[in-house]
Structures are given as structure tokens and as C-alpha cells.
Amino acid sequence: MSVILEARNIVRDYHVPGSLLKKAKTVHAVKGVSFTVEKGKTLAIVGESGCGKSTLGRILTLIDPATSGDLLIEGKKIDIAKGDMTPEMRRKVQIVFQNPYGSLNPRQKIGDILTEPLVINTDTPADERRDRAMTLLKKVGLEEKHYNRYPHMFSGGQRQRIAIARALMLNPKLLVLDEPVSALDLSVQAQVLNLLADLQDELQLTYVFISHDLSVVRYIADEVMVMYFGEAVEYGSRDEVFADPKHSYTKTLFAATPRADVESIRARLARKKAA
Amino acid sequence: MSLARLLRSPDAVAGFVILGLLGAMALAAPLLFPGDPLAIAGQPLLRPFQDWALPLGTDRLGRDVLAGLFHGARTSLAVGLAAAAASILVGSIVGTIAGFAGGLVDEVLMRITDAFQTVPGFLLSLALVSVVGPSLGVVVMAIALSAWTGPARIARAEVLSIRERDYVASARVIGMHPVEIAFREVLPNALPPVLALSSVIVAAAILTEAALSFLGLGDPNRVTWGGMIAEGRAVLRSAPYLSVIPGIALVLAVLGVYLAGEGVVEGTAARERQA
């Protein structure tokens, strides 16, 4: 198996400038995280709000630079702070954001949103760009007639499909999914997750799946990394982590997941009666 | 925006009717009054409604007041629109650069904006026109010089919020150049609140132009309402109509611009509430 993504000791600090009354301080959002993801696998990054998982996602997709640490994509070291990004590097990593209402420019047609990555990074002729956009629209479960519409004409689930299609336009190796289903209804969540799983099989995609929803993670992940205040407190295969959580935070996290089986509901009711 | 919604508000209808009439006057001026409106047309100080060849009478030098009114509409509207367009263009570009670049660039551009705002706008226009000399282009520039700060501040505030949206981050992921992101992804979405300001700017520009002309700093080769009012000032007691008639035109023009602008803003706001 080839390693697509390797992160070594990634650190990201935010400097909060001081003012007259406040001292300047540094927030350590990500404190030295290391992991590897193999081709065709899914690494889930789990953690509560503000634990640094989205910051890590932005570093992986080369939006923000890391303060220190190495990021290797297909064994090649990448440093956006130096500004030597080539289109080939760009094409390898793409992202799908959490909020489908904020990730599509409201003033662009779907067709323009989809073809933009090709316009910028390749010299594909216009009709091929259009064909590829149409193919992907159908692949994510939309129709050709949607090509000329604006984002506000779509539901949240459809928008997320458009965002996925856009991310796939450049044939990326790695897709960072930053809570891609947490803004969607449960039924739509399942549809989008199934779509993601199908696309992974079909296109041999590698996913970094950022989430706080353990039931979703259990469904889609091969490996799980649990983050807590910027640190990776647990990292292992899905079955290992779910069967035998080592760190106390992971145990708390699992205990906080609501259970819906009959036994646990009975137990809860019994506890309620006793109290 | 639907025309039907616009027509439901009586204010907006009144505004558009007034503006439409003024626009028709401006367009028809060279057809109805092909001669030079500054040429002598009859005996001086002819009162309105005495001679049907000169329905609104003549001024001290015997120039046709009605012809002046029509040609003055041309100047007022042209200056108002051109000055507003120039200040919105400059203002939104400055605001976008400041908000998007941040840091030192933001700091410098905003201090320049502050500097312009601390000087009374009319004084600034007066200074420029009296130094460079009065001509239509200079008057437009002078008005824009004092009016661009409002759009700049509003555009910057909008850009600050928009640049954090996910679609801007995804434009970065596909490798769009920062300048292109600023002007293609951010600016179009920052424009609506800036454009809402345009009616105020147009109205203010028409008034500033009239004031400059009143002080004798308008383009001497063109009839302006401000110039006509100034011309009538000397005979204000014996022939008040010479100042009153262009004064009424001025009031109507400003009122029309305001009402129409309000109507458009309300119409767009209603549409956004629905969307």
C-alpha cells in the first residue's frame, strides 16, 4: 500500500496581538500531530469543537500554512509558506466544507463553480470542461439541467453534492472532508455518506474525514484519530479505538454518545425511576 | 428584482416617474432646443407664460429659461451619475484591497480614507476645482474625491466578513490567484450594500455640482441649474422665478433619486428575505 499523506509533527499557533490592557498571547491550535494515510483508506479525525481538527484540515488542504512540521503528499514535501505551489500539487488535495450554504459562491452558476478548478489549473478546452462537469453532476446524483442554476435554488444536501463534485473536478488523490454531513438532515446524511463511500470505491480516493459524530465515523472510517485540545490523544484502527479506548477523553467521548438500543433505554428509564 | 414589487410602493413609483421625466428631458434637450441654450433668445426678463415661444420666460440677458432647464437636466444627471459611479468604483476597489489584504496595507489605506473624511467634502471639491479650473470632468472628479470614502468603508467591512467564507477558502484550494479571489469571489458579494449607498451619493453629487456652479465654479460652457439660480440671485426681488424654477427642478431631481433608490433597496431586501 502506498502512503498518500504523511504528517510529521504538525504545529499551528495563532498569535493574538495584545492591546493596551491585554497581553499578547499565543494560542496553540494544533500541537505536534503526526499520522499517515494510505491510498484508498479513510482516516477519521474526531474531537470536540475547538480541538483543532478544522485547523488541521485547512493545513492539509494547503489553505493555511503550518507553523512547523512537515507535510508530505505522495512522499513529496510541501510548504506553502515558501509559495512554490504548482498546479500539480493543488490537484492532489481538495476539500469539502461543513456548511454547504457557505461553500458555494452565491453569484456563480453551478457550471462556473464546477469548471473553475479546470480553468485555473489546466488548459482543458471549454467543451471538455463542460463534459466533465456534466459527468460529475450525474455521478453525485444530480442532473444536467442543474448546470445553469444558481446555488440558492438547491437544498443543503444537493449543495453538498455540488461541493463534492467540485472537489472531484481535478481528479484529486486526497479529499479532506471537514464535517461534510453535520449540517444535513439525518436521511440526507446517509445519502451523502453512501455517495462518499461509493466514490471512494470507484475512484480509489483517500479521505481525511473530520467529524464529531461517532456513529458516522464508525460507518466510514478505517483509522481513527482522536484530538483533544490540539493533541492527538488516540490513534489507531477503527476497531481498536472503538473496542478498547485507551485515553480517558476517548472514553468520555464514547460514553457521551446517545444509545438507542432497547436495553440501554430500559436501563436509562430504570435509573430515572430510581432517582 | 421583480418590477411588480417595485410598483407596489408608491414612493418608488413617484421616484421613478420623476427620474424618468428628468431623463426624458435630458435626452430630449438637443432635439427640442437644438440651439445653444446660452444664446440670447428674446427680450430680457420676460416673465413666464407671457410669450408661448418662450413659456418660462427669459433671464437678465434674454436667454430661454425652459431651454436652460432642459439642458441643465443633462448636466445635473450626467455629473450626478458619473461622480457616483467614479466614487463607488474607487471606493469599492480601495475597500476590497484594504479588507482582503489586511495588515499594513489595510492600515495605510484606511488612514488615507480617514484623512479624506476629516476634511469637509465640499471644501475638498472647491479646492480642486479652483486649482485645476472648472470643466465637467474636473467637477466630476472633485465630487468623487469627497464621496469615495463612504463606499470604501462599507466595502471593507463587507469584505472582512466575506473573506472568511468557505467559498473563498475553496477558491484558494483550487489555486486561484489572491487578486482574482478578491475581485471575482469577494467583491461581487460585497457590492449590494455599497450600491444601496449609490442613491445618496448621486443626490449629494447633484447638490454639490449645483453648489459649485452657484459659486461660479461650474463648467462655464454648460447650463447648470446651480448656475441659473446664481444668475437669478441678482434680481431675486424683482424676478424670483429665475431662481425658483431651477430650484424646484433641483429639489425634484434629488427627491426622485432618493425615492427610487429607497424603492430599489427595499425591493432587494424583500427578495433577500424570501430567498
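UniProt, in an unreviewed entry, places the feature "transmembrane region" at residues 12-33, 77-101, 122-148, 194-218 and 239-261 of chain B. UniProt positions follow the numbering used here, feature names are shortened, and annotations may be inferred rather than shown by experiment. The structure is a predicted model, in which local features need pLDDT of at least 70 and side-chain atom pairs count only at pLDDT 80 or more, while totals for chains, interfaces and linings use all residues. Residues are numbered from 1 along each chain as its sequence is written, and chains are lettered from A and ligands numbered from 1 in the order in which they are written.

Two of the annotated spans were examined in the model. Residues 12-33 of chain B are 95% helix and 0% strand, with end C-alpha atoms 30 Å apart. Residues 122-148 of chain B are 85% helix and 0% strand, and here the end C-alpha atoms lie 13 Å apart. Helices (H or I, at least four residues) and strands (E, at least two) are DSSP runs, numbered from the N terminus.

Helix H2 of chain B covers residues 10-32, which makes 23 residues. From its first C-alpha to its last, H2(B) reaches 31 Å, close to the 33 Å expected at 1.5 Å a residue; the expected span is 1.5 Å times one less than the number of residues. H2(B) has a kink of about 30° at B:Ala26, shortly before the proline B:Pro30. The bend at a residue is the angle between axes fitted to the seven residues ending there and the seven starting there. B:Ala12, B:Gly15, B:Leu19, B:Leu22 and B:Ala29 of H2(B) are buried. A residue is buried if 20 or more other C-beta atoms lie within 10 Å of its own, exposed if 12 or fewer, and partly exposed in between, with C-beta atoms placed from the backbone.

Helix H3 (residues 65-101) of chain B has 37 residues and should span 54 Å at 1.5 Å a residue; its end C-alpha atoms are 53 Å apart, which agrees. Of these 37 residues, 28 are buried, so H3(B) is largely enclosed by the rest of the structure. B:Gly102, which follows H3(B), has a positive phi, near 65°.

B:Trp225 belongs to helix H11 (residues 225-233) of chain B. This residue is buried, because 27 other C-beta atoms lie within 10 Å. Leaving out residues up to four places away in sequence, B:Trp225 touches B:Gly72, B:Ser76, B:Ala210, B:Pro246, B:Ala249 and B:Leu250. Two residues are in contact if their C-beta atoms, placed from the backbone, lie within 7 Å. B:Val186 is 39 residues from B:Trp225 along the chain, and their C-alpha atoms are separated by 40 Å.

The contact between the chains takes 14 residues from chain B and 20 residues from chain A. On the side of chain B that touches chain A, helix H8 (166-173) and helix H9 (178-196) each supply at least two residues. The largest share, six residues, comes from H8(B). The residues on this side of chain B divide into seven nonpolar, three polar and four charged. Ala, Val, Leu, Ile, Met, Phe, Trp, Tyr, Cys and Pro count as nonpolar, Asp, Glu, Lys and Arg as charged, and the others, Gly among them, as polar.

In chain A, strand S3 (residues 42-46) is mostly covered, with five of its five residues buried. In a regular strand the side chains alternate between the two faces of the sheet. A:Thr42, A:Ala44 and A:Val46 point one way from S3(A), and A:Leu43 and A:Ile45 the other way. S3(A) pairs in the parallel sense with strand S8 (residues 206-211) of chain A over five bridges; two strands pair if DSSP finds at least two bridges between them. A:Leu43 stands opposite A:Val208 in S8(A). S3(A) also runs parallel to strand S9 (residues 223-228) of chain A, joined by four bridges, and A:Val46 stands opposite A:Val226 in S9(A).

Another four strands of chain A are described next. An open sheet has the order S2-S1-S4-S5 (chain A), with antiparallel pairing. Its edge strands, S2 (25-38) and S5 (76-77) of chain A, each pair on one side only. Strand S1 (residues 3-16) and strand S4 (residues 68-73) of chain A are antiparallel and share five bridges; A:Arg8 stands opposite A:Asp70 in S4(A).
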